[in-house]
Amino acid sequence: MKRLVRLALPLAGAVLLAACGTSPEEHFALALEAFGKSDYQTARTELGQALKADPRNREMLLLLVQTQLLLGDGDGAQGGAERLRAIGLSGPELARIEAEAALLRGKPDKALELLGNDGAVDAWRIRAAAHLALEDSAAAQAAFLAGNRAGSNFRLACDYTRYLIQSGDLATASSQFEALRRSRAEALEVLMLGGALSEAYARQDLAEKYYARAAQLFPFRFEPLLAHANLLDMAGKVPEAARLAEGAAAIAPGDAGVQQALLSVYSQQGKWEKIRDMLQRREDELDPASGEGMTYAEALLRLGHPEQARAQFAQALLVQPQNRYARMMLGESQLATGDAVSAWETLRPLAQGLFVQLREIELAVKAGQAAGAEEAGALQARVQSPAFRQQQAVLQGAIAADARGDSAKALQLYQQLAADSGADAELLRRLAMAASQAGQPTLALASADKALALDPQNPELRYAAGVVRLRAGLDLAAARQHLQAAADARPDNPQYRAQLAKAKAAAG
């Protein structure tokens, strides 16, 4: 009788599994198929179902961990690593899993410690990413090259190409990308790199084609939609950008990049209720000086809450005194609360320089007139004068030349403006950067230093003073000092950190 019971138990389990409709093996097969198509969300779901019935299956756990790593889920990957250790996995393979999980959890030092002296290609890939997280560009570059010598692999090649694009080494990035394109032209990672490289070359038309193709082949991934949305947003194609951003949000509603894209297009469309609804639940944790914080403050202003908006913009301007948007919106909020005198004091500095927007002048004139300021009439006359309109036309031509990479033309126009308008810190900064790009280091250094003398605490001007020295290979100690100051003032700026790392490497 006992024998019959023992035989009946597996049969009962099989009946139950059949009743569920899909066996663990079938779930695993579906997961493998989804993983092969880069549909990692589906792969994770199917693996979760498979592991319910077979929780110690090594193959399933290994695929789950790789899926979690590719999804950027460091906590989940670490949990999977612990399950693998419990069934006997050890050695370098487990260490690499835990190192990448640590990196995703914001612990690059721990990742390097776990990797030790591991010379596998994947170890070099993770090591390079850890060094980048630690802002050590030279060590990251060395790790990428060591990985290539060790044999390279697809993920390392993609990461290295992305690093080269972000570092501005477009010639080497192009060479790396061509090799990837020849081997796996329609892989998601290759298509996304093609879009990023095209953007770096200012080939928006080609970038759009790459992102559109990626979205067509991988409709379950939000990244192509998000990249395409950001590209269209920058090009001023807001309705199209909004459609793509909303498509990305339908796939990955919690992604921070998707949220930023939605906020950008909704603010341009004046959809303030949507912005308020998106951010209101996080109101207490929003940094007033962040992009999200100021967008939320503007939403409050547009929806009839000027006092709340005024308080938030005041905090933002205190943290970022050079932020023109924060100053303009604080002035508008002060006007909305009936405090014209404060609004005039806030807005008047915006209207003085060359780089002034029409909206800034209009608000300043409105505030000055309401406050009874004599300067308001002269300011209005300035903006209506033919000389001002001609100056703005030259300025827009210079900015357009800068954008298309024509440094010589941009420099010529900036010099024309400098001769006509005198000392302007932002104009001198732009002139310095254009001169640096055009191969005139002496002019670049002199202009950057003049700009910095006008506003010594401005991190953008410190950055420019550092970069022109770094590019010219002159006074590298000062270059490092300026770039360190800029990065300290704006620690969230990746461009500042990347140039600082280059300066440290150059200065030894």
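**Helix packing in the predicted model**

The buried residues of helix 23 pack against helix 21 (340-347), helix 22 (358-371) and helix 24 (386-403), where contact means heavy atoms within 4.5 Å and helices are DSSP runs (H or I, at least four residues) numbered from the N terminus. The model is predicted, and local features need pLDDT of at least 70, while side-chain atom pairs count only at pLDDT 80 or more and totals for chains, interfaces and linings use all residues. Residues are numbered from 1 along each chain as its sequence is written, and side-chain values use heavy atoms, with hydrogens and water left out.

Within helix 23 (residues 375-384), Ala-376, Leu-379 and Val-383 are buried, that is, under 20% relative accessible area with a 1.4 Å probe and protein chains only. Seen down the axis of helix 23, these buried residues fall within an arc of 60 degrees, so they line one face of the helix; the arc is that of the directions from the helix axis to the C-beta atoms. The face turned away from the buried side of helix 23 carries Ala-378 and Gln-384, which are exposed (over 50% relative accessible area).

Helix 10 (residues 154-167) and helix 11 (residues 170-183) pack at an angle of about 155 degrees, with their axes 8 Å apart, the axes being lines fitted to C-alpha atoms over the stretch in contact and the angles running from 0 to 180 degrees between N-to-C directions. Helix 10 and helix 11 are therefore roughly antiparallel to each other (angles over 145 degrees). Among the residues that make this contact are Phe-154 and Leu-164 of helix 10 and Leu-170 and Phe-177 of helix 11.

How values were computed
Helix = DSSP H or I, 4+ residues; strand = E, 2+ residues; numbered from the N terminus. Parallel < 35°, antiparallel > 145°, perpendicular 65-115°, else oblique.
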